[in-house]
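Here are some exercises to work through with the viewer open. Try each task before reading its solution.

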Amino acid sequence: MYIGIILHLLSKISFVIGSYTMHFFLGRFLPEAEYGIVGTIITIMNFEYIFFTDGVRQGMAKAISMEKYEERDLIRTGLLFQAGIVLLFFCGTYLGAPVIAGALGDGTLTPYIRNLAFLLPFTGLYSLMLGILNGHKEFRAEAGTGIIYPILKLSVIPAVLFLFEDAIFGTQMGFLFAAIFISAISAGRVWKIRSRFRQAPERMAKIDYGKTAASYLLLFGATTFMMNLDTLILKRVSGDNEIVGYYTGVANFAKIPYYLLTAFYTVVLPIITGNYIQGKMEEAREKIGDVMGLILGFILPVVAIVSAASGHILGLFYRPSYRKGENALALLIFAIGFLGMTLIFSMILSAADQKKLIGGISLGMLAIQTVLCVILTEMYSLTGTAMATLIATGLGMIISGAATGKLFGRFWQKKHTLLLGINLAAYVLILFGMRTVQVGNFFLLVLLCGVLYIVLASLGAVCLGLHRKLPLFR
């Protein structure tokens with residue numbers, strides 16, 4: 001499990017570096033208002049992706065990891081479902097672009113929304129291939145592909161600088177180039193393991209596969225809606241592309257914990273599913289406790305440091321004007337961290353086939369966020385937008401965590417409480433320091449944050465006993 005998590009963490013780190021390199025360029029190269037339009041288009045693209053990047057993918061991963069179905073038939077079923085979803089959304093996006101633009105109060109978005117339709121087939125294929133690799137526990141190949149993808153997306157930079165006068169169109173063409181190449185690479189990875197496809201007399205009924213995929217679709221759909229709906233509500237309520245530009249910068253940094261936490265649920269799903277089916281509840285509970293320890297020891301410090309240094313990060317990474325999003329980022333990064341934890345607990349619950357409970361949590365969070373987002377955005381602008389997400393995801397994390405403990409037994413240990421206390425104390429100290437002292441150079445800020453992270457991660461390693469188990473910590 002640890003090797004799989006490390007490989008996927010490397011993949012997510014690559015994604016973070018690639019993504020922030022791209023946004024560093026776009027945020028500095030484009031005026032705030034134009035960057036806000038790019039943020040709106042990317043947000044719509046993220047909405048599109050939720051319907052065929054996770055539902056079918058995670059359904060495929062779970063079905064393969066059960067090791068009981070004829071796999072070639074399973075893959076054909078997955079391809080059929082994926083093709084149907086992609087076709088539906090291709091038509092809806094291309095033909096419905098004027099309606100979507102009108103709903104956002106900006107008719108100039110229509111041609112850009114239409115362009116998004118051409119990304120969908122390649123992204124859908126890539127996602128399904130990752131599901132097959134994950135089901136076979138081919139974490140090396142899966143993570144390796146994930147490392148390449150953000151590098152390919154950096155083609156946005158030359159596209160905007162040299163190839164297209166329209167920066168928004170150039171951004172989309174960079175994404176299209178990356179999607180075409182990564183879908184071909186991922187398909188090649190799956191082709192290499194075709195000899196390992198399981199042959200079995202039992203075939204998974206299409207209705208069962210559809211139900212499994214739909215449960216994940218609901219979960220990830222609600223998650224992606226929550227990470228993007230706030231931007232669209234802010235756009236609609238404020239009607240100000242400049243404010244949306246600030247919030248786009250906030251949202252980019254707030255998603256860091258989500259990217260890192262996906263490495264955990266990607267590995268946890270096939271492992272916990274196997275343990276649950278074999279009746280190894282004690283082993284499953286141990287794995288859950290181990291995952292919690294790693295998150296508290298190595299992911300929570302990232303959240304604490306970025307939240308405490310939010311104003312410095314936005315002002316130095318983009319421009320000083322972006323410091324208007326300081327409080328929003330301080331809140332939103334914790335909100336997205338809570339959302340990531342809800343996802344991990346939900347994936348664990350999905351291994352025990354708790355579809356209705358997961359669906360209820362997902363829809364409940366989304367409903368609470370939607371209502372609060374409209375109210376609080378009107379009252380507190382972009383800070384209120386972030387606050388709404390924090391409240392909704394906090395409730396989701398508590399409920400899903402309690403349900404996981406009830407089903408698998410108590411996984412929370414004293415070391416988890418100690419790690420939580422260390423990070424809380426460190427957060428208060430770092431927040432006070434960052435709000436008192438001004439840092440004038442972005443690279444100096446990165447160095448300072450890196451040193452703080454090393455200190456907190458080292459304390460986490462000691463609390464978890466990793467300094468005695470792994471040569472890395474000796």
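**Exercise 1. The chain as a whole**

What percentage of the 474 residues in the chain is buried? Then describe the fold and the overall dimensions.

Solution. Keep in mind throughout that this is a predicted model.

- Step 1: Start with burial. Buried residues make up 59% of the 474 residues, where buried means under 20% relative accessible area.
- Step 2: Look at the secondary structure. The chain has 19 helices and zero strands.
- Step 3: Check the dimensions. A compact globule of 474 residues would have a radius of gyration near 23 Å, and the chain's value of 22 Å agrees with that. Along the principal axes, the C-alpha atoms fill a box of roughly 60 × 55 × 40 Å.
- Step 4: Turn to the contacts. Among those with a separation of 6 or more, 83% involve residues 24 or more positions apart.
- Step 5: Finish with surface and charge. The accessible surface is about 19,400 Å², and 69% of it belongs to carbon and sulfur atoms. There are 38 positive and 25 negative side chains, and the centres of the two sets lie 8 Å apart.

**Exercise 2. Pairs within a helix**

How many salt bridges does the structure hold? Find D73 with its partner R76, and R285 with its partner E282, and place each pair.

- Step 1: Count. The structure holds four salt bridges.
- Step 2: Take D73 and R76. Their closest N and O atoms are 4.0 Å apart, and the cut-off for a salt bridge is within 4 Å.
- Step 3: D73 has a relative accessible area of 10%, so it is buried.
- Step 4: Take R285 and E282. The N to O distance in this salt bridge is 2.2 Å. Because the two are three residues apart in helix α13 (residues 281–308), about one helical turn separates them.
- Step 5: R285 is partly exposed at 22% relative accessibility, and E282 is partly exposed at 45%.

**Exercise 3. A pair between helices**

Which parts of the chain does the salt bridge between R435 and E326 tie together? Follow the pair to R323 as well.

Solution. 

- Step 1: Find the bridge. The side chains of R435 and E326 meet at 3.2 Å, N to O.
- Step 2: R435 is in helix α17 (residues 414–436) and E326 is in helix α15 (residues 326–351), so the pair ties together parts that are 109 residues apart in sequence.
- Step 3: Read the accessibility. R435 is partly exposed at 38%, whereas E326 is buried at 17%.
- Step 4: Look around R323. This residue sits in the loop between α14 (310–317) and α15, and is partly exposed at 28% relative accessibility. Leaving out residues up to four places away in sequence, R323 touches G311, H312, G315 and Q438. The C-alpha atoms of R323 and G311 are 5.1 Å apart in space, although the two residues are twelve apart in sequence.

Definitions and conventions. Residues numbered from 1 in each chain as written. Predicted model: local features only at pLDDT ≥ 70, side-chain atom pairs only at ≥ 80, totals over all residues. Heavy atoms only, no water. Buried < 20%, exposed > 50% of the residue type's maximum accessible area, 1.4 Å probe, protein only. Helix = DSSP H or I, 4+ residues; strand = E, 2+ residues; numbered from the N terminus. Rg over C-alpha atoms; globule rule 2.2 N^0.38 Å. Contact = heavy atoms within 4.5 Å. Areas by Shrake-Rupley, 256 points an atom, 1.4 Å probe, with all protein chains shown as cover. Lys, Arg positive; Asp, Glu negative; His and termini not counted. Charge placed at Lys NZ, Arg CZ, Asp CG, Glu CD.
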